[in-house]
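Reader: Happy to look at this one with you. Could we go through how its pieces pack together, one question at a time?

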Amino acid sequence: MQDGEEAIAETKRASQAAVEFVVANRWPIGEGQGAEANGMADTRSADGKELLELFQTVPGVGIGTAMVWLAEVVDPNRFQNAKQVAAYCGCDPSLKVSAGKVTQHVRRKGNLKLHEALLQCATSVISRGSTPLAAWGKNLAGKHSKGGFRKAAGAVARRIACALWHVHRKAEEFTYDGYNFHKGTV
């Protein structure tokens, strides 16, 4: 029992140290104005504390997921579009097709840590949320009789990944303005 308590205390110390590291540093965000004109990558940066707070405006994202996102992605300029982000996070579904028939639905490779964190967020959003994203996920889960919740969680995880990328890139709070699915549910 004592070993378990010591391990829990060590985990808390390590988590606190990680948060302090993030807060103490500046992190890259989207490229600044005029980067293309002068031929240089004029990368802007944001305060770690501010960035963690912005990440937590995305539905379902807490400090843990924000830390995993920042540790695994670091610089949002690595990706040119949301499709690349989804692929990196392992949130782009793929089909195995043989003779014109779908034989299996598979998840492509991707960052496993980030994928698991996003799936936990998505599960939380769908299960407990009353946001437009949760309503969309619940609607999607109801459309599939077999594995509907799992499919919906994967779709919501993809939306969360793309939302985190946009928040990171723009250093702005999350809004539903770019989504069409929320207009009928608000």
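Author: Gladly! Contact here means heavy atoms within 4.5 Å. Please keep in mind that this is a predicted model.

Reader: Thanks! With that in mind, which residues is Trp69 in contact with, leaving aside its neighbours within four places in sequence?
Author: Trp69 belongs to the buried residues of H3. Leaving aside neighbours within four places in sequence, its contacts include Phe55 and Val74.

Reader: Let me step back to the whole chain. What pattern does the chain follow, read along the sequence?
Author: The chain holds seven helices and four strands. Read along the sequence, they follow α-β-β-α-α-α-β-β-α-α-α.

Reader: And how much of the chain do buried residues make up?
Author: A residue counts as buried under 20% relative accessible area. The chain has 186 residues, and the buried share of them is 35%.

Reader: Let's turn to helix pairs. How are H1 and H3 oriented to each other?
Author: Helix H1 (residues 2-24) and helix H3 (residues 63-73) have axes 11 Å apart and pack at an angle of about 60 degrees. An angle under 35 degrees would count as roughly parallel, and roughly perpendicular covers 65 to 115. H1 and H3 are therefore oblique.

Reader: Which residues of H1 and H3 meet, and how do they divide by class?
Author: The crossing of this pair, H1 and H3, is left-handed. From H1 come Ala18, Val19 and Val22, which meet Ile63, Met67 and Leu70 in H3. By class, the residues of this contact are six nonpolar, no polar and no charged.

Reader: What about H2 and H3: how do they lie to each other?
Author: The axes of helix H2 (residues 48-55) and H3 come within 9 Å, crossing at roughly 120 degrees. Roughly perpendicular ends at 115 degrees and roughly antiparallel needs over 145. H2 and H3 are therefore oblique to each other.

Reader: Which residues of H2 and H3 meet, and what classes are they?
Author: H2 passes H3 in a right-handed crossing. Leu51, Leu52 and Phe55 of H2 meet Ile63, Ala66, Met67, Trp69 and Leu70 of H3. The residues of this contact divide into eight nonpolar, no polar and no charged.

Reader: And how does H3 run relative to H5?
Author: H3 and H5 have axes 10 Å apart and pack at an angle of about 155 degrees. Angles over 145 degrees count as roughly antiparallel. H3 is therefore roughly antiparallel to H5.

Reader: Which classes of residue make the contact of H3 with H5?
Author: H3 passes H5 in a left-handed crossing. The contact is made by Thr65, Val68, Trp69, Glu72 and Val73 of H3 together with Lys113, Leu114, Ala117 and Cys121 of H5. Sorted by class, the contact of H3 with H5 has six nonpolar, one polar and two charged residues.

Reader: Is Thr65 buried or exposed?
Author: Thr65 is found in helix H3 and touches Ala117 and Cys121, not counting residues up to four places away in sequence. Its relative accessibility is 10%, so Thr65 counts as buried.

Reader: Where is Thr57, and which residues is Thr57 in contact with, leaving aside neighbours within four places in sequence?
Author: Thr57 sits in the loop between H2 and H3 and is partly exposed, with a relative accessible area of 27%. The C-alpha atoms of Thr57 and Glu173 are separated by 6.0 Å, although the two are 116 residues apart along the chain. Leaving aside neighbours within four places in sequence, the contacts of Thr57 are Glu173 and Phe174.

Reader: One last stop: which residues does Ala153 touch, not counting residues up to four places away in sequence?
Author: Ala153 is found in helix H7 and is buried, with a relative accessible area of 5%. Not counting residues up to four places away in sequence, Ala153 touches Leu119, Ala122, Thr123 and Ile126.

How values were computed: Residues numbered from 1 in each chain as written. Predicted model: local features only at pLDDT ≥ 70, side-chain atom pairs only at ≥ 80, totals over all residues. Heavy atoms only, no water. Axes fitted to C-alpha atoms, helices over the stretch in contact; angles between N-to-C directions. Helix = DSSP H or I, 4+ residues; strand = E, 2+ residues; numbered from the N terminus. Left-handed = near helix turned anticlockwise from the far one by under 90°. Nonpolar A, V, L, I, M, F, W, Y, C, P; charged D, E, K, R; others polar. Buried < 20%, exposed > 50% of the residue type's maximum accessible area, 1.4 Å probe, protein only.
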